[in-house]
Structures are given as C-alpha cells and as structure tokens.
Amino acid sequence: MQTWRRTFATSFARLNHKPAATSTSTPTTLLCAQILQRSQQKPCSLEEQEIQLRGFVRSVRKQKRFAFAEISDGSTVQSVQAILSPAQAADLSTGTAVEISGIWKACPAGKEQTHELQTTAVNVLGESDAETYPIQKKYQTPEFLRQIPHLRFRTPFNALLARFRSECLYQLGNTFRSVPSGGFVQVQPPLITSSDCEGAGETFAVVPREALATEPKADEDDHFFKAPKYLTVSSQLHLEAYAAELGNVWTLSPMFRAEKSDTPRHLSEFYMLEAEVNFLSDLDGLTGLVEYLLRDVTRRLYDTAAAQELFSIQRESNPESSPSTATQETPPDLDLRQRWLDLMNGPRWRRLTYTEAITLLQEAVAQDKTSFEYAPSWSGGLQLEHERYIVDVINDGQPVFVTDYPTALKPFYMAPSAENRRSVGETVACFDLLLPEVSEVAGGSLREHRLPNLIQNMREHGLIKRESVSPNGVVYPHLLPGEDLAHLQWYVDLRRWGTAPHGGFGLGFDRFLGYLTGVSSVRDIVAFPRYFGRADC
C-alpha cells in the first residue's frame with residue numbers, strides 16, 4: 001500500500017498537466033528506443049520535458065484513481081511506461097494504436113524503471129478488441145506464432161529479429177566494400193531462369209495464372225517465355241557472367257526450391273548470399289575469403305543495439321518469469337555472447353578434406369565411439385548426423401570447412417581438385433562450411449573455366465541434348481555432331497570468348513542469422529515462412 005501511495009503522490013499531480021496557455025510549441029516526437037537511450041544519460045536531457053510517442057499498447061493496468069500502460073513501437077524490446085488518469089485510459093486495451101504525450105518524469109528510487117511518462121494527452125489512432133487480440137503478455141510458443149505471421153512482429157523478440165536482419169543487410173554492404181583484396185560490386189541477378197543450377201530438379205515452374213486451367217503446352221512456342229522457365233534455385237550462373245567483367249560480385253536474393261522437407265532447417269523460399277571472385281585459382285583463397293567475410297560482418301554487428309539486445313534477452317529470458325521477451329526455441333544453456341566472440345576471435349577454422357572426414361567417421365564407428373543411422377562411406381556423401389559429429393566431436397564444436405568432395409556427388413560446373421588433394425577417387429575443388437548446431441551453412445567451389453572440360457562435364461551429367469541435325473548446321477566448338485547445348489549455351493559462351501580461373505560460394509543467409517541469434521528454426525527467422533504444405537499470407 002505504501003508503494004502505491006508513493007507512486008500516486010509523485011505522479012498524480014502531473015496527470016492533468018497542461019502546457020502554459022502562452023506556449024504554442026508541440027511536443028517532440030520520439031521513438032521508444034530514443035527515449036530510453038537518452039534516459040540512461042546523466043543528467044537525462046528529457047527530464048521534465050513534454051514529449052510524444054506513437055506506438056501500440058503492450059499492456060494496461062487500470063486502477064481506481066490511475067492506470068499504467070506499457071507502450072512499444074518496435075524500436076526496442078523495452079517498453080515505455082505511461083501513467084494515466086482513468087479517463088485517459090478508458091479506451092485503451094492491449095493492441096491499441098495510440099499517440100500519447102506527457103512529461104518525462106524521474107521515478108522514485110527502487111522502481112524497476114528509471115523514468116515514466118506522466119500523460120497529458122492521449123489520442124487513440126486504432127482500437128483493438130483485447131478479448132480477441134491474439135498477442136497477449138504471456139509466453140506464446142513459436143508454433144502458435146507461426147499461425148499468425150502477420151501479427152507476430154508485435155512480440156518484442158520477433159520485432160528484434162526484424163531489426164537485426166535489417167542491421168545485417170546494412171553491415172554486409174560495408175563488409176563487401178572493405179575486403180582487403182578488393183571491394184565487391186553488388187548486383188541483382190534474375191529470379192526467373194532457364195535452368196536448375198544445382199541439377200536436383202526441385203524447381204517451381206513459372207506460368208501465367210490462366211495457363212493453369214489449360215493443358216500443358218506441347219509446343220515450346222506456346223509458352224509465355226517461348227520456353228519453360230523456373231524460379232531460381234541459385235544465382236551462381238548469372239553471377240559468373242557479372243564477374244567476367246566486374247571482377248568480384250555479390251548478391252543477396254530470394255531462392256526457391258520445391259523440396260518436400262518438413263524440417264526446421266529448410267524452406268521453399270529463402271535468402272541466399274552469393275559471391276563470385278574472378279582470377280581465383282586456389283580453394284584455400286576461397287575458404288579464406290568466406291572466413292574473413294563472416295568474421296568481419298559479425299564484428300561489425302557486435303556493438304550494434306540489436307546485437308546487444310539479443311545478448312541481454314538471451315541471458316535474462318525465462319518463459320515463465322519474463323514472457324514478454326522470452327526467446328524462441330533457444331537452447332537454455334546457450335551463451336550467445338560467447339558464441340559470437342568465438343566466431344570473431346577464435347583460431348583459424350580447420351580445413352578437413354572429405355576423404356579425411358569419412359576416415360575419421362569410420363574410425364569412430366569401428367572404435368564404438370558412436371553409431372550412425374547411415375554408415376559413412378566415401379561414395380555415400382555426408383548426412384546431417386555425420387556433419388554434426390564432425391563439427392561437434394571431431395572439431396570440438398568449432399567451425400570447419402570440409403573440402404574436396406567426390407566428383408560424382410557434385411554439379412557439372414565444379415573444377416577438379418588440385419593434384420595434392422586427390423586420394424581415393426576423383427574429387428572436385430569445393431567446400432561446405434559446417435557450424436555448430438546448424439551444420440552446413442555455406443558451400444562453394446572453384447569453377448571449371450576450360451571450355452572442353454566444361455562441355456565434357458555437361459555431357460557426363462546428361463545436360464547436352466542430342467539432335468538429329470546440329471542447330472543451324474553449325475557445330476559448336478568441342479561438341480559432337482548432333483549435340484546441342486540448348487538453354488545452357490549462354491553459360492558455356494562465357495568460356496568460349498575469354499575467361500579466367502574463378503570461384504564462388506553461397507551462404508544460407510537465414511541459417512546464418514539463426515546461428516547468430518540462437519534461434520534453432522529458420523521458420524522463426526523468416527517473417528513469412530513458406531515450406532511444404534504452408535504459405536500463409
């Protein structure tokens with residue numbers, strides 16, 4: 001009771017405060033983040049000043065003689081507390097959009113917040129029915145929030161994820177511009193393509209809506225684009241065209257894959273960070289670039305407000321005690337700040353050949369150190385369980401590059417490994433980057449830049465069509481009579497008329513953000529996730 005009396009005595013006198021009649025100035029409009037940041041300064045420059053904020057009511061407690069409302073606007077996970085008269089709070093409920101003015105007043109010692117807004121005016125901009133409003137001040141599971149993706153931004157943590165993503169986009173540009181070996185040019189490759197870069201065939205076809213109700217086109221000339229087209233699964237081939245003249249290029253683009261995977265690691269629409277580097281002839285140079293880029297962007301992000309809020313929430317959150325800022329599917333023993341410090345300042349990431357990795361996995365099984373559902377074999381590839389064992393056990397929970405995979409497991413455009421890397425069989429100069437918990441987060445390779453070798457690779461992968469007569473009666477260099485490069489001729493042309501050794505990589509942007517934020521499902525990293533069986537909104 002004494003606490004309430006003290007609060008009322010210090011606050012109620014200001015509830016009906018009105019500016020002097022001679023004053024014509026309007027209150028300064030500020031974001032919650034600005035108000036709270038300036039309130040940490042000594043002395044507080046806003047104290048005893050009339051200010052205005054616009055936001056949403058996160059919660060409201062109405063008493064007989066006064067009321068408390070928490071106002072948020074998405075600029076910070078913290079809310080601003082306003083104290084109001086019963087009349088001012090009459091139309092307020094959780095979710096209400098308001099414009100609220102008042103005097104920024106220091107709170108008595110011992111209160112949780114240092115300052116509060118003693119309200120002078122309230123303007124309800126958008127009403128909200130509290131009984132049906134889905135976002136309440138309690139812990140709500142990620143599964144529940146995924147059902148209302150259009151509203152989950154209104155939870156503090158999801159708003160923070162959106163701000164953090166925005167900060168990442170900004171810092172990525174700075175990172176690519178500052179690469180010591182030469183800055184990168186950001187480009188915008190197309191999203192509608194003629195080919196499946198990965199060769200897996202898991203593509204979405206692009207057709208006009210009215211064509212869905214008709215029979216499939218037998219004649220290619222009847223297609224909207226005069227030939228079948230697809231949503232891109234990778235920008236790599238087009239980036240190689242950019243890089244042939246511009247040198248080093250990068251892009252961050254949406255990708256689309258028709259995988260029927262129902263896992264927290266896969267989406268049908270996701271963002272891929274991709275880069276191509278011209279005049280690059282060794283795999284170590286490529287893995288070194290990837291390591292530099294990820295370390296540098298993490299360092300740039302570390303001191304940002306969004307990152308510091310992530311560390312604070314992860315340290316303090318508890319779904320039972322702090323429902324308004326509880327993180328989602330974050331391991332309870334995760335030290336997020338230490339994860340970042342290890343990523344920024346840890347030792348050089350290990351390079352482990354695929355052949356070495358298979359040998360170590362097989363030895364672990366033979367020595368009864370572990371068991372796998374899928375027995376590791378050189379020709380069988382790495383399963384998720386193998387990747388996790390490599391990064392968590394073999395490499396002590398540190399990032400690791402697995403390099404030089406068997407040729408048979410990889411696409412046609414990869415260059416062969418250097419002679420000193422070959423062992424059991426033919427391998428290509430490529431890598432996968434494995435991180436703790438998320439496993440594969442990036443992959444790349446040197447590209448086959450020699451025209452006859454590239455054509456032979458395409459022939460072995462079944463990518464060259466057989467025609468009864470060569471198109472136009474002209475045989476393309478290194479093709480056999482009757483062979484046709486079809487929709488990939490433009491790509492091969494890059495080698496026909498001047499090329500250089502080059503390479504590149506793709507990074508699963510959403511997976512990387514999940515690693516930095518401690519969120520284990522990409523369905524909670526992407527605002528409006530699309531995956532097999534679901535594409536809401």
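What is the place of Phe 224?

1. Phe 224 sits in the loop between strand S8 (192-193) and strand S9 (230-231), where helices (H or I, at least four residues) and strands (E, at least two) are DSSP runs numbered from the N terminus. This is a predicted model, in which local features need pLDDT of at least 70 and side-chain atom pairs count only at pLDDT 80 or more, while totals for chains, interfaces and linings use all residues. Residues are numbered from 1 along each chain as its sequence is written, and side-chain values use heavy atoms, with hydrogens and water left out.

2. Phe 224 counts as exposed because its relative accessibility is 60%; here buried means under 20% relative accessible area, exposed over 50%, and partly exposed in between (1.4 Å probe, protein chains only). Together with Leu 191, Ile 192 and Phe 225, Phe 224 forms a nonpolar patch on the surface, with about 370 Å² of accessible area in total. Such patches are made of residues with over 30% relative accessible area and no salt bridge, like charges being joined within 9 Å and nonpolar side chains (Val, Leu, Ile, Met, Phe, Trp, Tyr) within 5 Å; the areas come from the Shrake-Rupley method with a 1.4 Å probe, and for residues only the protein chains shown count as cover.

3. Helix H10 (residues 354-366) has 13 residues and should span 18 Å at 1.5 Å a residue, which agrees with the 18 Å between its end C-alpha atoms; the expected span is 1.5 Å times one less than the number of residues. Its buried residues are Tyr 354, Thr 355, Ala 357, Ile 358, Leu 361 and Ala 364, and what covers them includes strand S12 (350-353), helix H11 (384-394) and strand S13 (400-403). Leu 360, also in helix H10, is partly exposed at a relative accessible area of 27%, and touches Arg 350, Leu 352 and Ile 394, not counting residues up to four places away in sequence, a contact meaning heavy atoms within 4.5 Å. Just after H10, Asp 368 takes a positive phi of about 60 degrees.

4. The whole structure holds 17 aromatic pairs, counted when rings of Phe, Tyr and Trp (its six-membered ring) have centres within 6.5 Å, with planes under 30 degrees apart called stacked, over 60 edge-to-face and the rest tilted. One of them joins Phe 311 and Trp 340 edge-to-face, at 5.1 Å centre to centre and 85 degrees between the planes. Since Phe 311 lies in helix H8 (residues 305-316) and Trp 340 in helix H9 (residues 336-345), the pair ties together parts that are 29 residues apart in sequence. Phe 311 counts as buried at 2% relative accessibility, as does Trp 340 at 0%.

5. There are 20 salt bridges in the structure, each a side-chain nitrogen of Lys or Arg within 4 Å of a carboxyl oxygen of Asp or Glu. In one of them, the side chains of Glu 291 and Arg 351 meet at 2.8 Å, N to O; Glu 291 lies in helix H7 (residues 283-302) and Arg 351 in strand S12, so this pair ties together parts that are 60 residues apart in sequence. Glu 291 counts as buried at 7% relative accessibility, and Arg 351 likewise at 17%.
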